[in-house]
Amino acid sequence: MSVNKNSYIKNNFVYKFIKKNLMILIALLIMFLILAVGTDSFMTGKNIMSVLRQISINGILAFGMAMALIVGGIDLSVGSVMALTGCLCVQIINNGVPAIPAIILALLAGALCGFLNGVIAAFTEIPAFIITLATQQCFRGIAFLMTGGKAISSYDEVFCSIGTISVGPVPFLVVITVMILAFTIILLGHTKFGRGMYAIGGNKSAAIYSGIHVRRIVLGSYIIPGVYAALAGIILAARVYSAQPGAGEGYEGDAIAAAVLGGVSFSGGIGSAGGVMLGALVIGFMNNGLNMMQVSSYWQMVAKGLVILVAVYLDTLKKSKRLKIKKQEG
Amino acid sequence: MRESNILKMQKINKSFSGVRVLHDVDFVVKQGEIRALVGENGAGKSTLMKILCGIYEKDSGSIMMDGVDIKNYSIPEAARQGIVMIHQEIVLVQDLPISENIFMGSEPKTLLQTVDFSEMRKKTKDLLAQLDMEQVSPDTLVRELSISQQQMVEIARALSKRARVIIMDEPTSSLTEKEVNLLFRQIRRLKNQGVAIIYISHRMDEIFEIADSVTIMRDGQHIKTEDIKGVTYSEIIKNMVGREISEYYPPHIEKVGQEILRLSDVSNEKIHHVDLTLHKGEILGLAGLVGAGRTELANAIFGIDEIQSGEISYQGKKYVGKSPRDAIRNGMALVPEDRKRNGLFLENTIAFNMTIAIMDRFIKFIHQDKKKEQSIVDDFIDKLSIKMAGQEQLAVELSGGNQQKVIFSKWLATQPKILILDEPTRGIDVGAKMEIYHLMNEIAASGVAIILISSELSEVINLSTRLGVMCEGRLTKIFDLQKETVSQEMVMHYATGGYADVS
């Protein structure tokens with residue numbers, strides 16, 4: 001029993017957070033240092049806020065992706081859901097509906113997309129990768145059908161202000177992202193639903209034996225990424241004042257990257273919202289920093305790919321070390 | 001002159017990251033000897049055997065084959081010396097034919113250096129014939145073989161390498177009784193050919209049946225090697241755990257409460273017309289061969305498998321449970337047979353594992369009472385004396401016995417009225433087994449009804465108040481052990497459907 005004076009510190013969530021995400025925190029810090037020293041305009045409040053605003057979309061998608069991954073699946077359809085719900089939202093607004101109810105309808109549409117993914121994932125044995133690869137095509141197709149393949153502009157003031165307004169010095173988008181972060185933290189870490197997700201992703205069969213509502217939880221774990229994707233889609237449309245059926249293509253890649261960088265296991269059962277946030281920050285600041293250092297966008301892609309490889313490699317190293325210890329004992 | 005000591009390991013030492021796991025271990029095996037190697041988990045058996053196979057490098061000591069000191073010991077060198085290990089888990093490629101599995105990496109070649117498939121097939125046929133498997137074609141995919149046949153393929157592979165020392169690590173853990181007998185016949189045949197067998201097992205009955213001699217290890221030390229005829233069951237156990245064992249099995253339960261569960265004519269695809277009653281405070285043993293329907297019966301009660309006909313009444317009322325969730329809500333608990341597959345969340349913490357079935361008790365919507373959870377977990381860690389670094393340690397890092405205790409805790413925490421235990425001591429060392437036996441008795445004494453499924457006959461006979469025997473999905477016999485004494489032969493008689501001889 002550890003009833004020493006350190007036990008309080010050790011149980012403190014800040015300590016736990018730092019310990020768990022040490023690698024990525026150090027990476028983030030080094031990046032900050034390099035950028036602060038290497039460029040003039042990085043360490044300005046304006047730039048930081050603008051990066052945070054840019055990160056919001058990928059961050060929100062990554063939280064959803066993390067949920068799908070933790071429960072043992074994946075959601076490749078998020079980019080298409082973004083396009084579909086963005087188009088739907090703007091179209092409804094252009095038909096004379098006020099922005100707020102239109103946004104709510106679009107979020108519900110996102111939930112419906114997630115529900116479809118979830119039903120198939122929960123009631124069939126089709127791998128999530130295949131399910132969401134298929135629905136990615138379907139949702140994208142519907143977005144094109146709905147708009148006739150054209151971008152639709154929005155002139156609604158309320159809608160377009162989403163991307164620009166601030167709460168005090170903090171952009172509204174950052175506030176939304178933080179709210180989603182908080183919601184995800186609570187859901188994953190403080191509810192039966194969250195524990196159930198980790199259990200299912202860790203060992204589905206054992207979860208069934210433990211009396212966990214496996215189907216219900218799997219379903220929920222796809223509905224939420226759907227809603228998050230819809231939110232991201234609405235934000236994207238609002239920022240560029242127009243919804244495009246081709247929007248969000250390939251965004252699932254960055255979301256997966258952020259989740260994995262943040263310590264979410266690809267085989268399910270492991271990951272935290274805080275880590276994912278850090279993952280999204282690393283990717284966001286890396287993009288921004290490389291831009292500022294005038295690295296070509298092609299090299300940026302190369303760099304991003306390498307970072308992901310290294311991060312996941314370090315993660316597997318940690319795992320295999322544990323296995324080795326276990327083997328030596330056995 | 002050939003020395004009859006085929007293998008001589010002397011003063012072997014080994015440390016892992018500063019921790020000494022083998023101290024001056026001597027291990028000598030004669031040609032044609034069947035040597036049982038026993039010891040608790042962590043005693044150093046596996047480490048010693050891995051050194052013998054060249055997987056680990058020894059820190060000091062010598063390994064001699066036929067009296068010749070082998071320098072630069074390595075995996076290929078061990079293979080050259082004819083040392084072959086047959087692992088507990090089968091390591092065959094399921095979708096390749098038997099022949100290609102046997103000669104993998106050492107395929108016979110034609111003049112053009114391509115694989116000589118006809119030669120390979122011919123050699124495989126010979127090997128299979130040696131093992132009484134001439135009816136099986138060398139082209140059969142491994143996937144289509146039973147577990148015991150797959151094990152025979154592993155033995156055939158060992159033979160193909162001209163094995164002189166074969167190490168078998170718990171080879172019977174997934175075999176039926178009949179298959180075990182088949183395996184033993186082959187082991188004896190190998191012995192007669194002069195092959196030395198090192199046989200690692202936790203099952204005492206088997207050791208006395210098959211081994212010529214036994215080596216006991218404890219805490220990385222060689223404790224004793226003796227002729228099997230010169231030792232008793234309790235001597236071996238005493239040397240393994242390092243203290244006097246007063247009572248390996250707890251005393252039989254004498255007082256049994258009222259009826260809690262009744263199965264009337266329950267059937268599904270795997271079990272047929274089962275009638276059974278269960279009482280508070282009793283341990284009902286279920287014996288039978290692997291595949292006799294014991295696990296399936298447990299699964300049917302627990303709501304994992306559907307019941308197609310018949311009725312279950314629980315606490316006097318008709319019970320219709322459709323899922324494990326229903327069963328848990330109604331006070332049932334099941335410790336499953338395959339603890340890694342169905343029981344544990346290996347990558348999660350001990351605390352997570354222990355409380356996953358009782359989340360209602362400390363999580364209300366978004367409020368988590370961490371303190372309450374911790375105190376529940378601490379309670380069980382204490383009560384079951386689980387050895388671990390802390391609540392936050394991952395389950396994967398625990399030994400088998402401690403993992404099983406974590407699963408026990410998880411189910412005891414649900415405060416069950418019925419506790420179903422499916423092979424609760426499989427792969428667990430003697431010390432932990434004993435603890436689990438005594439724990440079971442305590443649980444039963446507190447009024448919980450226990451169903452104990454076990455393939456170790458001495459276990460069910462010594463622990464149960466009543467003992468049901470199953471065969472081909474039917475419950476063929478129920479012994480009342482409070483009134484009659486039962487021998488293993490009698491149980492086997494009913495387990496094999498009355499075909500086995502009763503002596």
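Student: How many Å separate the centres of domain 1 and domain 3 of chain B, and which residues make up each domain of chain B?

Tutor: In this predicted model, the centres of domain 1 of chain B and domain 3 of chain B, taken over C-alpha atoms, are separated by 37 Å. Chain B is divided into domain 1, which covers residues 5-241, domain 2, which is made of 257-331 together with 418-503, and domain 3, which covers 344-415.

Student: What pLDDT does chain A average, and where in chain A does pLDDT stay under 50?

Tutor: Chain A averages a pLDDT of 90, and 93% of the residues score at least 70. Residues 1-5 of chain A stay under 50, and the model has 2 contacts beyond four places in sequence for them. Residues 326-330 of chain A also stay under 50, with 5 contacts beyond four places in sequence.

Student: Which residues of chain A does the UniProt annotation "transmembrane region" cover?

Tutor: An unreviewed UniProt entry gives that annotation to residues 21-39, 59-84, 96-120, 158-188, 222-243, 255-286 and 298-317 of chain A. One can then look at what the model holds in such a span. Over residues 298-317 of chain A, the chain is 100% helix and 0% strand, with the end C-alpha atoms 29 Å apart. Residues 158-188 of chain A are 68% helix and 13% strand, and their end C-alpha atoms lie 32 Å apart.

Student: How many residues of helix α13 of chain A are buried?

Tutor: Helix α13 of chain A, residues 251-261, is mostly covered, for 10 of its 11 residues are buried. Among them are Tyr251(A), Glu252(A), Asp254(A) and Leu261(A). After α13(A) comes Gly263(A), whose phi is positive, near 95°.

Student: What does a strand look like when both of its faces are covered?

Tutor: In a regular strand the side chains alternate between the two faces of the sheet. Strand β21 of chain B, residues 466-471, has 6 of its 6 residues buried. Arg466(B), Gly468(B) and Met470(B) lie on one side, Leu467(B), Val469(B) and Cys471(B) lie on the other, and all are buried.

Student: Which strands pair with β21(B), and in which sense, parallel or antiparallel?

Tutor: Strand β13 of chain B, residues 283-288, pairs with β21(B) in the parallel sense over 5 bridges, and Gly285(B) has Leu467(B) as its bridge partner. Strand β22 of chain B, residues 474-480, pairs with β21(B) in the antiparallel sense over 6 bridges, and here the bridge partner of Gly468(B) is Ile478(B). The hairpin of β21(B) and β22(B) has 2 residues between the strands, and Glu472(B) takes a positive phi near 50° there.

Student: Why is strand β8 of chain B described as largely enclosed?

Tutor: Strand β8 of chain B, residues 196-200, is largely enclosed by the rest of the structure because 5 of its 5 residues are buried. Ala196(B), Ile198(B) and Ile200(B) are buried on one side, and Ile197(B) and Tyr199(B) are buried on the other. Strand β3 of chain B, residues 34-38, pairs with β8(B) in the parallel sense over 4 bridges, with Ile34(B) partnered by Ile197(B). Strand β7 of chain B, residues 165-169, is also parallel to β8(B), over 5 bridges, and Met168(B) stands opposite Tyr199(B).

Student: Which strands stand at the edges of the open sheet in chain B?

Tutor: The open sheet has 4 strands in the order β2-β1-β4-β5 of chain B, and the pairing is antiparallel. The edges are β2 (19-30) and β5 (68-69) of chain B, each with a single partner strand, so one side of each is left without a neighbour in the sheet. Strand β1 of chain B, residues 5-16, is joined to β2(B) by 8 bridges, and Asn5(B) stands opposite Lys30(B).

Technical notes: Residues numbered from 1 in each chain as written. Chains lettered and ligands numbered in written order. Predicted model: local features only at pLDDT ≥ 70, side-chain atom pairs only at ≥ 80, totals over all residues. pLDDT = per-residue confidence, 0-100. Contact = placed C-beta atoms within 7 Å. UniProt positions renumbered as here; feature names shortened; annotations may be inferred. Domains from an automatic or database assignment. Buried ≥ 20, exposed ≤ 12 C-beta atoms within 10 Å, placed from the backbone. Pairing = 2+ DSSP bridges.
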